[in-house]
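Subject: Structure handover

Hello,

Please find the structure below.

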Amino acid sequence: MLLLFSIFIRNRNAFLILVAAAAALKLVLSAVEPASEDLGNIITLVASGHAPIGPWIALYPPLYNQTTANINQLQSWTLAVPLGSAELSLLFRLPVFLFDLATLITLFYVGRKMKTSQEGRLMALIWFLNPFSFMGVELSALPDIVCVFLVTLSLLLLISERPLLSAATLGLGAFIKLFPIFLLPPLLVYMHLNGARAKPLLSAFLLGALGFSGYLAWVLPYGTTYLAKPTPVTQLVPFVGGIPNTVNIVTFGMFAFYCLLFIFVKKAEPLPIFLLTLIVYYLLAVPGPQYLIWLLPLIAVDLAFADRLKILVVAILLASAFLEWFLASSAFLTPSGYSLLMFPMGGENVPSYSVALGNFLDSDLVGIIILPLVSSATFAFLLAYAAEQLRPWFHGSQT
Amino acid sequence: MIVSSFCALKFLAIILVPIGGPGSDFGNWTAEASSVLQTVLAGRLPALSTYGVYIGIETILAPFFWLWTILPVEHPNLNNLVQHTPSTVSLAVVMKAPILIFDVVTLILLLRIIRRITDSEQRSVLGGLTWFVNPFNFYMLYFFGAMDIIPISVFLLAINFELTHRWFRFGVSTIVSGLLRLFPFVTYPFFIPLMKAKPSRVNFAVGSALPIACVICAIYLSHDTLAAIFNIPAEQSWLLEFLGWHVLGMEFIRLSPVLVLFQLYVVARFWKENANVVHLATVSLLALSLGATLYGGEAQHFLWVSPLLSACVAMRLADSWIYLLTFFTALMAPTVNPFYQWTPTPILLDTFLAGAFYAMKASYLLILNLSNFRITN
């Protein structure tokens, strides 16, 4: 198996054939898969007319310039039975798929820049063939893939010694879905450690801040609701709200982390600080399995140079996150009810095994024992992975 | 001499401490043993779904209750016991006998474990005494009535087998102790790296599978349904306390599994390769008792760690101070301290004393980790 896999990494043509085959499979499944709960929510958001949609409208062509009647038709679209709606299903997912492909290409260049083309192919395949990214990108059609791509591009620009372009890319990411803004302080630390003077540092900061302002500009017209309430397109701003006069744990954690970063990191390399920043933010603010997609390209880069134990930690992490997603999230549901990994289980006439699965997912056993154990395992293995990222800090070298 | 004196003292406690008194678990165990006995006498196997996860201990106690029923004394209803009558004294002696028996068994096993690890008779005696004369253990066993001593003994037997490389028996006894009181299951993944060769791993796996197969047969014979068994956590909701606090207030992320799994990672990544089984078992159970909520992590369950800490302190005498402080704070913890109800300002002291106990558990966990770290980390 490993030998077979190594052929795809060593041989350029074999790699391209594998990617083409996987892409074709993804496209076919994109066309025949029912819409996810997230897609349903996005359609509802657009239909409501009272929620921010911002730059996202361009990502879902069928939503563009819709009349009320068309929106109603979309909402009544029996998403669980997509037969006959393959074009519509594909149109909803094609842009998302293109960003998936763009991330693959960017990862290839990251690997080539860091070492050789073989590492590039390995990183690209870890991303593209990963069931987790397939689930998060094509099947769920999560809009986060745009920012995931921009963060990966930002990393590529940074290791190519283009820090200002990297900051601009992060700013663009923050304009779309906020979370890339948390990578701005590590980027500034990196620039500082590489001898950047005040002017480029200020420029990088302003580019990031501009993106953040842009995000606020399309969210705030609807009030502060969407700063404290997540939707598929907007992101919870973890510093807003909470109990008055208490310490906001995310604010505390992120500030403390940035300070420690500044104190301990003496020889900055972009990957560990980017990855660790996103892990810390994820652990403190949004430990839901679907958001692991933010980290996945960076994890793919890291895995290309990892030892066996680290690979094992990541494998368990992704497996438990996948299971947690399956058990907990409505992303695995279609509007008509339960499905198995979003493959339709009968539409209107739900078969007995689908009902059994639904009953199992709703049972006390899942809710009070299995789900807490699985969620805690995901959290614990991400902590372990964070520790793996921290180890080089105490050895004077980072890879 | 010391052991004989303490045996006498413990026997005295057995007679004098009433069954079913406040703050005691004796009444619960006795009632459940009586119920299991009635089921068996009716010609049926006790069902797991009826008796819950402690069916094993209750089954072991049932013959002792039967022994009391054939004694030539009155046998009043358990709800109408009058303390210090021949009936209750005989009931106390019979039902608490397993505690004394397994307390002594634990002592013997502990002596063997320490002697085997340290190769020192003196340290073995020291470790044994820290278990046998420890006032915390004395209180939890003879006043509170923690039947946890039964699975603890079986668990120590498992450790003994590991030290003599008898992998099949190691597997059997680890799983049996887990079936009796669940907590040894937590240690299971920590033990797997102890077996370096494939045959030892196979023996361990086969030994582990055997008791599980027996339990499956028993479940089948008792006509239990899977749905009823899966419903046990909902029925015995206090079990969920062992999952621990909610991490950062998040609904599904619980501290115990996070700590135990992170500890597993720390062992795999940072520990010396030849770490011994006692340290592995101790850190896994300490992590569990640190993560569990106040109820699940209360001092009663710290008894699981107690004999292991006795072995640890005998192996590293430099840690005596932390051992003493840990057990002092355990005794002072609000859920243990026998004088706590007479403390003038309990609410004021409650969080302080509980916090001190948790801090000592955390410190001991840290020290054990540090002492096992590879130098090249």
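L178(A) is buried, because 21 other C-beta atoms lie within 10 Å; a residue is called buried if 20 or more other C-beta atoms lie within 10 Å of its own, exposed if 12 or fewer, and partly exposed in between, with C-beta atoms placed from the backbone. Its phi is near 60°, a positive value in a residue other than glycine. L178(A) sits in the loop between α9 (163-177) and α10 (184-193) of chain A. Helices (H or I, at least four residues) and strands (E, at least two) are DSSP runs, numbered from the N terminus.

Before going on, two points on conventions. This is a predicted model, in which local features need pLDDT of at least 70 and side-chain atom pairs count only at pLDDT 80 or more, while totals for chains, interfaces and linings use all residues. Residues are numbered from 1 along each chain as its sequence is written, and chains are lettered from A and ligands numbered from 1 in the order in which they are written.

A second residue of this kind is A141(A), which is not a glycine but has a positive phi of about 55°. A141(A) is found in the loop between α7 (131-139) and α8 of chain A. A141(A) counts as buried because it has 26 C-beta neighbours inside 10 Å. Most residues other than glycine have a negative phi.

Chain A as a whole has 18 helices and two strands. Of its 399 residues, 45% are buried. Contacts in chain A between residues at least 6 apart in sequence join residues at least 24 apart in 72% of cases; two residues are in contact if their C-beta atoms, placed from the backbone, lie within 7 Å.

Next, a helix pair in chain A. Helix α5 (residues 86-114) and helix α8 (residues 145-159) of chain A pack at about 20°, and their axes are 9 Å apart. Axes are lines fitted to C-alpha atoms, for helices over the stretch in contact, and angles run from 0 to 180 degrees between N-to-C directions. α5(A) and α8(A) are therefore roughly parallel (angles under 35 degrees; over 145 is roughly antiparallel, 65 to 115 roughly perpendicular and the rest oblique). The residues of this contact divide into 15 nonpolar, three polar and two charged. Here Ala, Val, Leu, Ile, Met, Phe, Trp, Tyr, Cys and Pro count as nonpolar, Asp, Glu, Lys and Arg as charged, and the others, Gly among them, as polar.

In chain B, α5(B) and α8(B) also pack at about 20°, with axes 9 Å apart. α5(B) and α8(B) are therefore roughly parallel to each other. Among the residues that meet are F102(B) and L109(B) in α5(B), and L156(B) and I159(B) in α8(B). This contact divides into 14 nonpolar, three polar and three charged residues.

Helix α7 (residues 135-144) of chain B has N137(B), M140(B), L141(B), Y142(B) and F144(B) buried. Their cover includes α1 (2-16), α6 (121-132) and α17 (306-315) of chain B. After α7(B) comes G145(B), with a positive phi near 85°.

Last, where do the chains meet? In total, 21 residues of chain A are in contact with 19 residues of chain B. On the chain A side, α18(A) gives the largest share, 15 residues. That side divides into 18 nonpolar residues, two polar and one charged.

Regards
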